[in-house]
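Okay, everyone, thanks for coming.

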Amino acid sequence: MATFLYKLGRSAFRRRRLVALLWVALLVLAGVGAASASTAASSSFSMPGTEAQKAFDLLEERFPGASPDGATARVVFKAPDGRKMTEPANKAEVNKAVTALKAGSDQVASVNDPFAAKAVSQDGGTAYISVTYKVSGMELTDKTREALKETGDHARESGLTVEIGGDALQAAPETGSGEIIGVSIAAVVLVITFGSLVAAGLPLLTAIIGVGIGISTITALANVLDLGSTTSTLATMIGLAVGIDYALFIVSRYRAELAEGREREEAAGRAVGTAGSAVVFAGLTVVIALVGLAVVNIPMLTKMGFAAAGTVVIAVLIALTLIPALLGFAGKRVLGRKVRKGKETSDKPNMGTRWSRFVLRRPITVLLAGVVGLGAMAIPAASLELGLPDDGSQPVSTTQRKAYDLLSDGFGPGFNGPLLVVVDGDKGTADRTVKHIKGLDGVVAVTPPTLNKSGDTAMITVVPKDRPSSLETEDLVHSIRDGSGDDVLVTGATAMNIDFSQRMNDALLPYLALVVGLAFLLLMVVFRSVLVPLKAALGFLLSVVAALGAVVAVFQWGRLGSLFGVEQTGPIMSMMPIFMVGVVFGLAMDYEVFLVTRMREAYVHGQRPGEAIVTGFKHGARVVTAAAVIMIAVFSGFIGSSDQMIKMIGFGLAIAVFFDAFVVRMAIVPAVLALLGHKAWWLPRWLDRVLPNVDVEGEKLHKELAGSREDPDEERELARV
């Protein structure tokens, strides 16, 4: 592989105008495709095989036109203190709103009059209009949403408090200027790392080009493939991080080759042949982790994983081709000013060298400190509660959150998440089901059954006592299901969230086995070792559990929550553990591959294990540190999102990268390698014969170049790489 990539790097350097033109053409083509594509109408959510999904499918079959999975809205009215919603003037305002909502859009399926539907609180101070739509929240037009908002605005003019809840106002999450801040921090880190504006600009430029191509392609295909807005957010997050990192690895190695006295084209070839090999395998681990999300069997999550994996593939291809092409245009300006003027010497030990020597002197102390520290951070993970956020987790300034609080105060928290029970049977079966549900704990109200035209299916609405995301509501759903026959199904947004959480829990272990197993085999091929991949996998699991502990402490317990804009604590998003495993595992392997391949390279070329560790840190520590800081900055930019899910993902990924890069890779890894010595690179002979030799460290490449006399000083140089 190293030989092929060496030739690819040199070819891209020589034909830099053609390569640059091809990538610009791809960017323009993707942009035109995105601009001309029709706006994505929806992002459907389904979970094949779950009870909630079976109930939705049954309703669509037996209640045609009922739109059970359509968007909903609740327009909540509260009278001034001491007054009631049943007063004639207030009643008239509500009736006006009902009329306006019915006429506001042809997407409206039904509007319930609160006085006829008994949707007035016992004290008479609060009432709500229930609105159901024919399509999902993401399919609603702007005109429909505006009509809903205008109805609320007009009603407020009468002096009533009016707020709107439900998923009808659902919109793409806003991340504000967070991403810009993250990229700005990345730029500063790159300038400090390279000491050259040109060298710092290359990773940023190529990462933006890669993300631009990826996001434009996703936008162009969104309508065809039914991709949601979260897909683009994830692709941006991952694409920026790995795009900058991969380019950083190549540019850093190119500068090192120039410092060794290579010609520019030769340096570009060697950089792509060596660091490029690490980039390819690091990219493969990310792709495996993202594509592996398909095992969860939730179409939305599968599409997100494949789309983000496509962005990673683009980042790898750009690093291998566009970076050497741009290096050809940059000339010597990629070197810092001191290097160009010959004022910087490479003999002085850098921070990476000093740190690695410190770890070699005290490996047990460093190892224990790292493991105990992460173990302590992981303790809150034992209290992990999973669920999906509802309107109660929205910022307190939003109308959705205000409507949620008004309903909770006026009717009880369970009114924010009613359950929909579907009975596949006649009226007698439905009546028996109602009687059974009324006898369960945690039930506030049960509506009479509504039968379809043929009388063989009924719908029953059940109002729980507790809020939608509470454990008590989850227990109630299980009680209804367990105490009824196969002809009774529970669905609705609350039940769907419960089933989603269960699906994520059930998929976690198979997903871990798939991702960690495949990556273990991949790393075994890269490092020609059994213990190094094992250590990499165990270290990653430790950092992820510690990161989950931090997420629980902030978002579930509320520790330092105000610092990160957490206004409402609650259960951790159910997809968070599996999502962190997938994304962080792939990204963490970047550091492992880049750092340890330099150690492996030095070891293969004759250095002792301890010397190889120092060499790896001498050349790789600064780059890995910069890459980690950049990735943390990019992920942290998403903490400013107004969406609780995006905020939690940004925080979780940022803290996981911090733990993995600075505790696991920089401390635990060298400590373990120091204790193992030569055994770290042990591989059974039979396995050595079976595994393909992909030559990641470039041993064959060096021999070929030495044999062709392209570099007469090769032997002297090998000892210094």
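So, S574: its side chain makes a polar contact with the side chain of S501, at 3.3 Å. By polar contact I mean a pair of N or O atoms within 3.5 Å, where within protein one must be able to donate a hydrogen and the other to accept it, and residues adjacent in sequence count only if both atoms are side-chain atoms. This is a predicted model, by the way: local features need pLDDT of at least 70, side-chain atom pairs count only at pLDDT 80 or more, and totals for chains, interfaces and linings use all residues. Residues are numbered from 1 along each chain as its sequence is written, and side-chain values use heavy atoms, with hydrogens and water left out.

Where does S574 sit? In the loop between β11 (572-573) and α19 (576-604); helices are DSSP runs of H or I, at least four residues, strands are runs of E, at least two, and both are numbered from the N terminus. S574 counts as buried because its relative accessibility is 1%. Buried is under 20% relative accessible area, exposed is over 50%, and partly exposed is in between, with a 1.4 Å probe and protein chains only. Leaving out residues up to four places away in sequence, S574 touches L386, G387, L388, F500, S501 and M504, a contact being heavy atoms within 4.5 Å.

On to salt bridges, meaning a side-chain nitrogen of Lys or Arg within 4 Å of a carboxyl oxygen of Asp or Glu. How many turn up in a search of the whole structure? There are 21. One of them pairs D499 with R481, closest N and O atoms 2.8 Å apart. D499 is in helix α17 and R481 in helix α16 (residues 471-483), so they tie together parts 18 residues apart in sequence. Both D499 and R481 are buried.

Then there's E265 with R10, at 3.1 Å between the closest N and O atoms. That one links distant parts of the chain, 255 residues apart: E265 belongs to helix α9 (residues 264-291), R10 to helix α1 (residues 2-14).

E61 and R62 also meet through their side chains in a salt bridge, 3.7 Å from N to O. E61 is exposed because its relative accessible area is 56%, while R62, at 22%, counts as partly exposed.

Last, confidence. pLDDT is the predictor's confidence in each residue, from 0 to 100. The protein's mean is 83, and 90% of its residues reach 70 or more.
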